[in-house]
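Work through the exercises below with the model open. Try each task before you read its solution.

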Amino acid sequence: DTTNLVRRLTSARIQPLQLEVLRMDAHYIVTMWAVPACQFVVRVVENEQIGAFSNGRFVAVTSGAMQLFSSDDELAWLLSHEIAHNVLGHVQNSKLHAMLRGFIRATGDGSVLESDAPPQRSLEAQADYVGSYIMARAGYDLEAIGRVWHRLEKLEMQQAGVSSGAIQTHPTTAERLTAFDATLKEIEGKRQRGEALHPQ
């Protein structure tokens, strides 16, 4: 109830907010400023497959992923990666590129090249990179990222004969591990130098 009240007052641009708190026999007036924060809704989807996805407005994690990655740090990585997709506007940009390609085809102008939308593998690599910074800034253990990829690598080896569409749209696990090592060194270097944790 309090969260809904704060949300309504914030939407109405009523600042600062004053809350009256009664605790035991004590009576307090709390004054606070509402600060915009992450507004992505997080959902768990009942699905045995291991995965997570986002659409620009929410982030979803499958129940299969919840069972495989039981620690907060490992789950934080899945969420950070998907939040990065939302923050970077990947879904919206992909829709825009698709609309532009449709328009180009409709005009029949052969001199106009197809839209240069970045390939999905590149978007996944971007989300890995920015997601690592989101996770670091939230205070989670970055070593969990390596554990996630190593665990997925073992699963891939066990299911070597099973084809997956992710091979076409995502970097390989080995590529992601290599990129993660470089990102971890970058973040640790910034921490040692006392620099702000902002992705380049």
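**Exercise 1.** Find which strands helix H3 lies across, and at what angle H3 runs to E5.

*Solution.* This is a predicted model. Start with H3, residues 72-87. Helix H3 lies across E3, E4 and E5. Now take the direction: H3 runs at about 150° to E5.

**Exercise 2.** Work out the order of the three strands in the open sheet.

*Solution.* The order is E3-E5-E4, and the pairing is mixed. Next, look for the edges. They are E3 (41-45) and E4 (52-54), each of which pairs on one side only. Neighbouring strands of this sheet are turned by 20° against each other on average, direction ignored. Then check one pair. E3 and E5 (residues 58-62) are parallel, with five bridges. In this pair, Val 44 stands opposite Val 61 of E5.

**Exercise 3.** Describe how strands E1 and E2 are joined.

*Solution.* Locate E1 at residues 17-23 and E2 at residues 26-32. The two strands run antiparallel and are joined by seven bridges. Now go to the turn. Two residues lie between the strands of this hairpin, and Met 24 takes a positive phi near 55°.

**Exercise 4.** Is Arg 191 buried, partly exposed or exposed, and why?

*Solution.* First place the residue: Arg 191 is in helix H8 (residues 173-193). Its relative accessibility is 36%. Buried means under 20%, and exposed means over 50%. The value of 36% is in between, so Arg 191 counts as partly exposed. Finally, list its contacts. Beyond neighbours within four places in sequence, Arg 191 touches Ala 136, Leu 142 and Leu 197.

Methods: Residues are numbered from 1 along each chain as its sequence is written. This is a predicted model: local features need pLDDT of at least 70, side-chain atom pairs count only at pLDDT 80 or more; totals for chains, interfaces and linings use all residues. Side-chain values use heavy atoms; hydrogens and water are left out. Two strands pair if DSSP finds at least two bridges between them. Helices (H or I, at least four residues) and strands (E, at least two) are DSSP runs, numbered from the N terminus. Buried means under 20% relative accessible area, exposed over 50%, partly exposed in between (1.4 Å probe, protein chains only). Contact means heavy atoms within 4.5 Å. Axes are lines fitted to C-alpha atoms, for helices over the stretch in contact, and angles run from 0 to 180 degrees between N-to-C directions.
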